[in-house]
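Colleague: Hi! I'm new to this one. Could you show it to me and walk me through it?

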Amino acid sequence: MIAEIGHSAFHSIINNQAAYFKSGATLSYQFRLDQLKRLKQVIRNNEQAIFDALNKDLNKHEFESYSTEVGVVYEELNFAIKNLKSWMKPERQSTPFALFPSSSYIHKDPLGCVLIIAPWNYPFQLLINPLIGAIAGGNCTVLKPSELAPATAEIVEKIITEVFDPAYVATIQGDGAQVIPEIMNSHRFDLVFFTGSIPVGYAIAEIAAKKLTPVILELGGKSPCIVDKDVDLHNAAKRIVWGKFTNAGQTCVAPDYLMVHNSRKKELIELIKKYTNEFYTETPSSGDYGRIINKRRFTTLKNYLEQGNIIFGGQTTEEELYIAPTLMENVSIDAPLMTDEIFGPILPVYGFDSYKETLALINKNANPLAFYLFTSNKETEQFYINKVSFGGGCINNTLIHLGNPHLPFGGVGNSGIGYYHGKFSFDAFTRMKAVLKTQTWFDSGIQYAPFKEKIKLL
Ligand code: NAD
């Protein structure tokens with residue numbers, strides 16, 4: 001059982017973390033490196049228990065749990081371990097001649113004590129990946145897993161307690177709507193890193209504003225996927241099926257809806273059907289396909305199935321929280337299925353003849369977290385890249401932009417504030433401190449009064 005901690009216990013965790021940070025213990029390169037290595041080792045030691053927890057919470061297959069959760073965390077850890085030293089180095093900057101004889105650099109300061117809040121859909125990696133940035137940056141951290149993925153929350157607490165002093169990294173559990181406002185109102189964190197829904201993101205930003213707490217918000221939205229007329233439809237269909245139905249569509253960057261050039265619509269639909277059947281030879285007891293997180297979400301998704309025509313799929317089993325991979329058409333753009341973030345295995349499809357039509361639909365839900373375009377035309381690619389404001393995305397693929405630690409990950413507008421992954425995670429948990437150093441052997445005196453003669457120099 002996971003233990004929910006009381007108000008006073010939480011106070012003491014926060015106070016201990018503040019003292020620990022102030023002691024300077026987290027600052028050195030060696031300390032940070034050791035903690036990253038220890039984190040990696042404890043995950044290795046508990047790998048099977050993590051897979052079991054993810055299976056219990058979301059029916060994730062071990063392969064999927066590795067490729068989208070644990071493996072992603074190892075990649076991020078390896079990248080941080082390899083690059084930490086260079087990230088921590090002060091960055092020399094050039095200095096204008098007018099400031100002679102001076103030099104300048106940026107010193108990388110940790111932020112201090114940070115709070116990381118995670119959702120339930122990738123409950124392991126969305127909690128641990130930001131923690132890697134926090135450790136690399138030299139911070140103390142409070143982790144808040146999602147209460148809606150309780151098995152994962154429990155194993156995370158176990159491994160964090162096993163490897164870290166709570167004065168350095170601690171886990172708190174409980175109903176987020178109650179616990180988080182309480183702790184954010186009673187303490188000032190140096191950063192709140194939140195991954196979750198847009199409405200809760202707004203609530204977090206509002207609480208944070210009262211104490212001028214900086215926030216990074218990794219939110220959601222409706223991510224479009226466009227298939228143009230000039231592409232290999234087999235590869236497009238496979239990649240769309242994979243991106244949409246992985247984790248039963250409960251992925252923040254899953255293609256939310258599909259727009260395909262009318263000349264290829266019929267063909268693409270047939271191929272999506274073919275590959276869906278091939279990937280998920282589905283029965284409710286099959287192990288390769290996820291389940292909906294809870295009854296509430298199941299009911300919401302089931303209601304969406306009535307908001308258009310089902311092309312294929314649509315089967316549901318409530319006791320199993322199972323919803324088949326489903327393709328729909330004739331969905332009104334004002335229906336909840338097209339105004340809410342779907343966050344489930346239902347893909348509405350629209351045909352288009354002109355790019356104008358695609359932009360009109362995208363702009364109804366502006367600033368998506370992700371954007372996917374299948375095209376072989378460079379001009380089309382540049383057209384959309386310039387026209388659509390989105391967090392990140394892929395040309396001729398889905399989801400995999402997340403897998404490159406050299407790319408920043410984050411939203412824009414309603415889909416989020418700030419970036420992380422790779423060095424961007426280190427930067428997210430670090431403050432750039434500007435330092436200008438002047439030599440003492442010479443002083444031009446140019447800035448001192450009296451100015452009467454100096455004005456002629458301007
Ligand atoms: P959520 O916003 O309901 O919950 C996220 C976290 O916030 C949980 O830990 C929860 O305990 C806490 N919380 C819930 N209500 C709260 C409140 N009123 N005040 C403070 N904290 C509260 O999100 P979710 O349902 O767990 O996750 C689904 C959403 O997350 C989707 O919108 C999805 O797009 C988004 N998401 C975004 C990313 C990303 O990287 N941008 C990744 C995964 C999920």
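Modeller: Happy to. This is a predicted model, and the chain averages a pLDDT of 95, with 97% of the residues scoring at least 70.

Colleague: What ipTM and pTM does the model score?

Modeller: The ipTM is 0.98 and the pTM is 0.96.

Colleague: Thanks. Which domains does the assignment give for the chain?

Modeller: Domain 1 covers 7-219 + 414-433, and domain 2 covers 224-407. Taken over C-alpha atoms, their centres are 30 Å apart.

Colleague: And how many residues of each are in contact with the other domain?

Modeller: There are 18 residues of domain 1 in contact with 18 residues of domain 2. On the domain 1 side, helix α4 (residues 62-88) gives the most, with five residues.

Colleague: What classes of residue make up that side of domain 1?

Modeller: Nine are polar, five are nonpolar and four are charged.

Colleague: Switching to the ligand: which residues come nearest?

Modeller: Pro119, Gly176, Gly196, Gly220 and Cys252, out of 29 residues around the ligand.

Colleague: Where does that shell come from, in terms of domains?

Modeller: Domain 1 and domain 2 each provide at least three residues of the shell.

Colleague: Last one: how do the shell residues divide by class?

Modeller: Around the ligand, 16 are nonpolar, nine are polar and four are charged.

Notes. Residues numbered from 1 in each chain as written. Predicted model: local features only at pLDDT ≥ 70, side-chain atom pairs only at ≥ 80, totals over all residues. Near = placed C-beta within 6 Å. Nonpolar A, V, L, I, M, F, W, Y, C, P; charged D, E, K, R; others polar. Domains from an automatic or database assignment. pLDDT = per-residue confidence, 0-100. Contact = placed C-beta atoms within 7 Å. Helix = DSSP H or I, 4+ residues; strand = E, 2+ residues; numbered from the N terminus.
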